[in-house]
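Here are my notes for you, written as numbered points. Keep the structure open next to them and look up each residue as you read.

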Amino acid sequence: MTVSDAPASAGPREFFGGRLNLEQQRKRAKELLELVREGDPQACGRAETHHPGAGGEDFKLSDAQLVIARENGFLSWPRMKAHIERLRFDRLRIEAGKPDLPDNAATTHIRCGEDIRHSLQVAGFKGRFLEFSDPYCQGPVPRVPQAEFISRRADFIAGAYGRAQAETEAGLKADYAAIDTLEEGAPVVLWFEHDSYDQLILARLLATFQRMEKRPDLKMVCVGQVPGVQDFVGLGQLHPEVLLWLWEYELHPVREDQLALGARVWDAVTDANPSALAEIAAAGTPPLQLMAPALRRHLNELPAPKTGLGLTQRITLSILDDLGDMPAGQIFQILMARREPLPFLGDLMFWHVLTELAKSTDPVILMDPESAGQPWPKRVFSLRDAGRRVLAGEEDYVAIQRGTRWVGGVEIRPGRSAWRWDEDKGEVLRA
């Protein structure tokens, strides 16, 4: 199954925080027991999926409990029960103001955003929080010296997200310097998840650390799923006690082969030719198993052979084609909750995608002028005839895009020959 064909979810993502309730799970098991004994097709299908051979009149409460546990990501009901009780114990300690002290003040926690800063504090973590959140999934990521790299990133971020250029560049310089000056042996923890936003930043950090002669003491929490969280999207959705659980069970030292892979991936990300990155994604990344799927999702932002659209662009146009005119915030919500196979976009990043689509020489989407004075989530967009032609493969979006678009180190200029990504074949093409 390809990334673009994979179902995003059986239903809307719920962004659940991982705080399971044991009584609720017992109630679900009893309800499932009754439905299976009554022969309900959906319930019987769930039972067969997670407990093959069980069903019918012989289906017992213990069987139903096993199905519920496995649906929640656990091997057995006792393991799920123990997990719930552990999280409950930690939550009570946190609420009483007596959490365990997992780290110390000398620890630096690095995360590609602010989303877990407060939760780490609530959970009892005492170390310094360092945000490193340059969004390499958008804008130019060229293979140039660091000073020029930071300048070009600052230009893009300021222009795309409406920030002050000087302030943006100063902030980026401080962020990169904070990484480069971490002391030898200092305890450092990297907190990352499985999407392309996180994994590209992780690759950059690993490449940086790999070059250091005197490195910090590196550990990492890097997960693509969390027990009890069926629709895991990111660490920011998790309750503080679940972060404590990850610290205990998913914290591992960073290995040399992971540093080497990060350096190799980063070199390929910054290459103007995406072939090396495609080779890495196709071969798999055993030292960092979450990296390869994220790289394939990143490659999906390259123009498709028939339409010239990146995957985010295609999903956006498809939503408007299927559902009609709607506000930008609603488009973003549908994309994130239902249609994006590996969510990675922030809201301003999506707004940048929309505004670029609206600027094409033959606009593929159009903003309702009456909504122009509203905050961006309330501005209404509609699909135009050019958008329908592009979706149908009757017109190439690259030929009508306005301005240059980047996918890592790959520059996509309007009307020029461009690298393409054929998801069905899993290979890059030169158009």
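1. Let's start with Cys 137. Its sulfur sits 9.4 Å from the closest cysteine sulfur, the one in Cys 112, and that's too far for a bond. Looked at from the other end, the story repeats: for Cys 112, the closest cysteine sulfur is in Cys 137, at 9.4 Å. A disulfide is a covalent bond between the sulfur atoms of two cysteines. Across the structure, the disulfide count is zero. Bear in mind that this is a predicted model.

2. Are these two cysteines buried or exposed? Cys 112 is buried, at 4% relative accessible area, and Cys 137 is buried too, at 7%.

3. Now the sheet. Five strands form an open sheet with mixed pairing, and the order to trace is β2-β1-β4-β5-β6. At the edges you'll find β2 (128-131) and β6 (251-253), each of which pairs on one side only. Going from one strand to the next, the twist averages 25°.

4. Zoom in on β4 (residues 187-193) and β5 (residues 217-223). These strands run parallel and are joined by seven bridges. For one example, find Phe 192: its bridge partner in β5 is Cys 222. As background, strands of a sheet pair through backbone hydrogen bonds, either parallel or antiparallel.

5. Another is α9 (residues 240-249), lying across β1, β4, β5 and β6 and running at about 35° to β6.

6. Next, the inside. In soluble globular proteins, nonpolar side chains tend to be buried together. The largest nonpolar core here has 88 residues, and Ile 110, Leu 190 and Phe 209 have the most contacts inside it. Helix α8 gives this core its largest share, nine residues.

7. Leu 190 is worth a click. Ignoring neighbours within four places in sequence, its contacts include Ile 110 and Phe 209, the other two residues picked out in point 6. Also among the contacts of Leu 190 are Leu 202, Leu 205, Leu 206, Met 220, Val 221 and Val 254, as well as Lys 219.

Notes: Residues numbered from 1 in each chain as written. Predicted model: local features only at pLDDT ≥ 70, side-chain atom pairs only at ≥ 80, totals over all residues. Heavy atoms only, no water. Disulfide = S-S within 2.5 Å. Buried < 20%, exposed > 50% of the residue type's maximum accessible area, 1.4 Å probe, protein only. Pairing = 2+ DSSP bridges. Helix = DSSP H or I, 4+ residues; strand = E, 2+ residues; numbered from the N terminus. Axes fitted to C-alpha atoms, helices over the stretch in contact; angles between N-to-C directions. Contact = heavy atoms within 4.5 Å. Core = buried A, V, L, I, M, F, W, Y, C linked by side-chain atoms within 4.5 Å.
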